Amino acid sequence: MTSVKKGIDGKSNAIGEILTTDLKISSAVRNKFGIMRQSSATNKLAMMKTAVHAQADSEDILEVENGNLKVTLENFSTLGNGLKTTTHRLVDAIMLRATESGLKERVVYLSIEEYMNMCGLKNLREMRKQVNAELRTLENMHITFNKSSNREQSFDDIKICENTDIKNNYIIFTFSNEFFRVMKSMPVMPYPMKLFNINNKRNPNSYYFLKKLAEHKKMNYFKKNSDTISVKTLLECTPELPTYDEVISGDRAIARRIIEPFERDLNELEDVLKWEYCHSNGTPLTDDEIDNFNYHIFYNLMLRIKWIDYPELQKKTKSKKKVGV
């Protein structure tokens, strides 16, 4: 009996086929992982958040940067808080649906009901209001990326979407020609569906942690370090935690403002992964380190990650070329 492929919500039928990639996913658990086109540019974008007191220039344009990625937001005064976690969550849902449909069309249709189910939300009016606000932000966004390797593509001042709309409770999202062309060249990544139903108010760092851990796992799947990552890397990936210097210059509550929320928001991911501290050589903390735990010990540690039901990836076999006689 032929199995029916499931959609990105784990319930509806998929549309089309997943595009051929350098990796074949042989045993994805569909209710825990989807499949999404991604690149270092989109991963950097997903770690960005507009500062609360960000000021646009005289033409109402705000520019923010994350390494070799620059984001330009036009008409910033009309965009509420600009880029935030819910913006990235909506982009994820749209890119999941686009990947799933085989990137045959630039126009993506996603029902608000399905999106609400993915996010575990029930208030239709509030969801429509939120999605409208995020779509306005995306319509006014341009991105510039300077590639750091030959496996990527640089692009200059392109828009992600050409236009957007909500009709009959469907989100209608049209990718721009430029971004759609770039997206076709992006590899796929197993996408933890947990990212959709994190309570961003209670656990503001969890989305950024899980997105970074998923990126790290995919990039290093066939390497020894696929399940270890530094505390420093995770601290740098979230815009929600203050820096050490910021805390020291204020109330100096390092444990309460950095270490405790860091651990709390990692623990929120317990249904998709387990974690523990270790050193770079894999050894556990000593009793003395545990008894005298402080920021300087914490900052230099690694995390050992154990994923629950992570999809098995297989390298695509390359056919040998026949040599003429």
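This is a predicted model: local features need pLDDT of at least 70, side-chain atom pairs count only at pLDDT 80 or more; totals for chains, interfaces and linings use all residues.
Let me begin with helix α2, residues 85–100, which lies across strands β5 and β9 and runs at about 115° to β5; the angle is taken between N-to-C directions, on a scale from 0 to 180 degrees, with axes as lines fitted to C-alpha atoms, for helices over the stretch in contact, and contact means heavy atoms within 4.5 Å. Helices (H or I, at least four residues) and strands (E, at least two) are DSSP runs, numbered from the N terminus.

Residues are numbered from 1 along each chain as its sequence is written, and side-chain values use heavy atoms, with hydrogens and water left out.

Now to the sheet itself, which is open and consists of 3 strands in the order β5-β9-β8, with antiparallel pairing; two strands pair if DSSP finds at least two bridges between them. Its edge strands, each pairing on one side only, are β5 (107–111) and β8 (161–167), and the twist averages 15° from one strand to the next. Between β5 and β9 there are 5 bridges, and Val-107 stands opposite Thr-174 in β9. A further helix, α4 (residues 124–139), lies across β8 and β9, running at about 165° to β8.

What makes up the nonpolar surface patch of about 280 Å²? Val-107, Tyr-109 and Tyr-170 make it, where a patch takes residues with over 30% relative accessible area and no salt bridge, joining like charges within 9 Å and nonpolar side chains (Val, Leu, Ile, Met, Phe, Trp, Tyr) within 5 Å; a salt bridge is a side-chain nitrogen of Lys or Arg within 4 Å of a carboxyl oxygen of Asp or Glu. Tyr-170 belongs to strand β9, residues 170–175, and it counts as partly exposed because its relative accessibility is 39%, given that buried means under 20%, exposed over 50%, and partly exposed in between (1.4 Å probe, protein chains only).

Elsewhere, Ser-206, in helix α6 (residues 206–219), is buried, with a relative accessible area of 0%. Leaving aside residues up to four places away in sequence, Ser-206 touches Ile-198, Asp-265, Glu-268 and Leu-269.

For the chain as a whole, I would note 11 helices and 14 strands, and that buried residues make up 46% of the 325 residues.

Definitions and conventions. Accessible areas come from the Shrake-Rupley method with a 1.4 Å probe; for residues, only the protein chains shown count as cover.
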